[in-house]
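Visitor: I would like to learn how to read a structure like this one. Could you take me through some features, one by one?

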Amino acid sequence: MPGSIKPLNRICCSSIFAFVTLLLLCNFSALAAPDGKALFMSNCASCHNPLKDATGPALQNIDKTFPDKEWGYKWIHNSAALISAGDPTAVAVFNKFNKTAMTAFPSLSNEDIDAILKYVDEYKAPEAAKPAAAATGNEHAESNSWVYTIITLALVLLVIILWRANAGLKRVANEKQGIPTEKEIPLYRSKLVIAITAIVIFIMAGYWLVNGAINEGRQQNYQPLQPIFYSHKVHAGINQVNCLYCHAGAEKSRQAMIPSSNVCMNCHKQIDQYTGAADHKLITAEGKEVNGNEQIQLLYKYAGWDPTSKMYKRDAVGNILATPIQWVKIHNLPDHVYFNHSQHVKVGQVQCQTCHGPVQEMDEVYQFSALSMGWCINCHRQTQVQFESNNYYSIFQKYHDEIKSGQRTGVTEADMGGTECQKCHY
């Protein structure tokens, strides 16, 4: 029996290996198949929409307009070559779309192109979310807070009545026993009450004055009215637009950068309607509902874009008739404070929400954090930086050695002089 175990193991291992190999061979085409959606989003989405004309034509069933399949491959690989050769179909498309040259994609294989065409042919417009069913039962029940208010007032009144009744009974008992009843002193004339009230008022006034002086010049919860209602919740939250797509300077320079209208138009050349009203209505801080389509049209007005002709409006010289959007700055630091976004975002690997709060949940952005000196210093003391695998901190050999030896688990900015005055004031 023991001698038969090894052959049996070999047979089992061979069978398992053969089975796994068969599965891989059967699914190889699925594993190797290119992702049409990803290819479309990375190569085509900036100029094309599957369902409607944009900078370029709508791509759904576009392959049916090709003279043949090989022509489609040549057009996508290098449309300029077909136009230069005088191909009638290529020239007609070129002229129809204002002689806008299509980017060449020689790196796309025929299989990649087939995957893209398959994706756009099967693409369906997102359906607007159906309104929620009529609520029933307790969902429309009125708030019971008024009941608690009445009960509280009734209890307070009962306490007053009992207190007065107790005082009356005490007076009657004293008269019955022949004991003189002391005259009650009103609360507002009681020395103890007056002293306690004065102390409380003094403490509250001092706290108000000191707190007001400390917060002088700070803008926590500041939420100005912007020229366009731009919802970070819709862009960064629902649609998962990366912060750095718009604020590209955050990891490259001191300033995060406010994007120009041209950055907005990279997407809104195609997106000319707000279709998320059923899922998420745009509401101002005052509770007023905002029309998303009107805000997109306002963006077009600033950018100088004509949504009908899908071209920029230009003057006689050819300059685009665009107007800068006068965004109101929200986060302001004193002039004597030095703050560098790239040093925090790129070097320190600090997330945007650490300072700006949950912007992906805000329709109208407001200043979430105090941004005071104490707030910054506490962050430097408590937050560990991305110390390892970061060339910026390679010179701190002592700390690297201490981490390797287990003497410390991490390094904060305070360990590297982040609480010294000249770190931010110089």
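Visitor: Where does Leu 155 lie?

Guide: Helices here are DSSP runs of H or I with at least four residues, and strands are runs of E with at least two, numbered from the N terminus. Leu 155 belongs to helix 7, residues 145-177. Please keep in mind that this is a predicted model, where local features need pLDDT of at least 70, side-chain atom pairs count only at pLDDT 80 or more, and totals for chains, interfaces and linings use all residues. Residues are numbered from 1 along each chain as its sequence is written, and side-chain values use heavy atoms, with hydrogens and water left out.

Visitor: Which residues make the nonpolar surface patch?

Guide: Patches take residues with over 30% relative accessible area and no salt bridge, joining like charges within 9 Å and nonpolar side chains (Val, Leu, Ile, Met, Phe, Trp, Tyr) within 5 Å. The areas come from the Shrake-Rupley method with a 1.4 Å probe, and for residues only the protein chains shown count as cover. Here Tyr 148, Ile 151, Leu 155, Leu 158 and Leu 162 make a patch of about 530 Å².

Visitor: How many aromatic pairs are there?

Guide: A pair of aromatic rings is described by the distance of the centres and the angle of the planes. Rings of Phe, Tyr and Trp (its six-membered ring) pair if their centres lie within 6.5 Å; planes under 30 degrees apart are stacked, over 60 edge-to-face, and the rest tilted. The whole structure holds 11 aromatic pairs. One of them joins Tyr 119 and Tyr 123, edge-to-face at 6.0 Å centre to centre and 65 degrees between the planes. Trp 305 and Tyr 312 are also edge-to-face, because their centres are 5.0 Å apart and their planes stand at 75 degrees. Ring pairs also link Phe 387, Tyr 392, Tyr 393, Phe 396 and Tyr 399 into a cluster.

Visitor: Are Trp 305 and Tyr 312 buried or exposed?

Guide: Buried means under 20% relative accessible area, exposed over 50%, and partly exposed in between (1.4 Å probe, protein chains only). Both Trp 305 and Tyr 312 are buried. Tyr 119 is buried too, at 18%, while Tyr 123 is partly exposed at 25%.

Visitor: How many salt bridges does the count give?

Guide: A salt bridge needs a side-chain nitrogen of Lys or Arg within 4 Å of a carboxyl oxygen of Asp or Glu. The count comes to 4 salt bridges. Glu 122 meets Lys 118 at 3.0 Å, N to O. These residues are about one helical turn apart, because they are separated by 4 residues in helix 6 (residues 110-122). Glu 122 is exposed, at 51% relative accessibility.

Visitor: What links Glu 402, Arg 408 and Asp 415?

Guide: A network of salt bridges links those residues. Within it, the closest N and O atoms of Asp 415 and Arg 408 are 3.2 Å apart. Glu 413 and Lys 423 also form a salt bridge, at 3.4 Å, N to O. Both lie in the segment after helix 16 (397-405), so the bridge ties together parts that are 10 residues apart in sequence. Glu 413 is buried at 13%, whereas Lys 423 is partly exposed at 32%.

Visitor: How many disulfides are there?

Guide: A disulfide is a pair of cysteine sulfur atoms within 2.5 Å, and the count here is 0. For Cys 264, the nearest cysteine sulfur is that of Cys 246, 6.5 Å away. For Cys 352, the nearest is that of Cys 243, at 4.1 Å.
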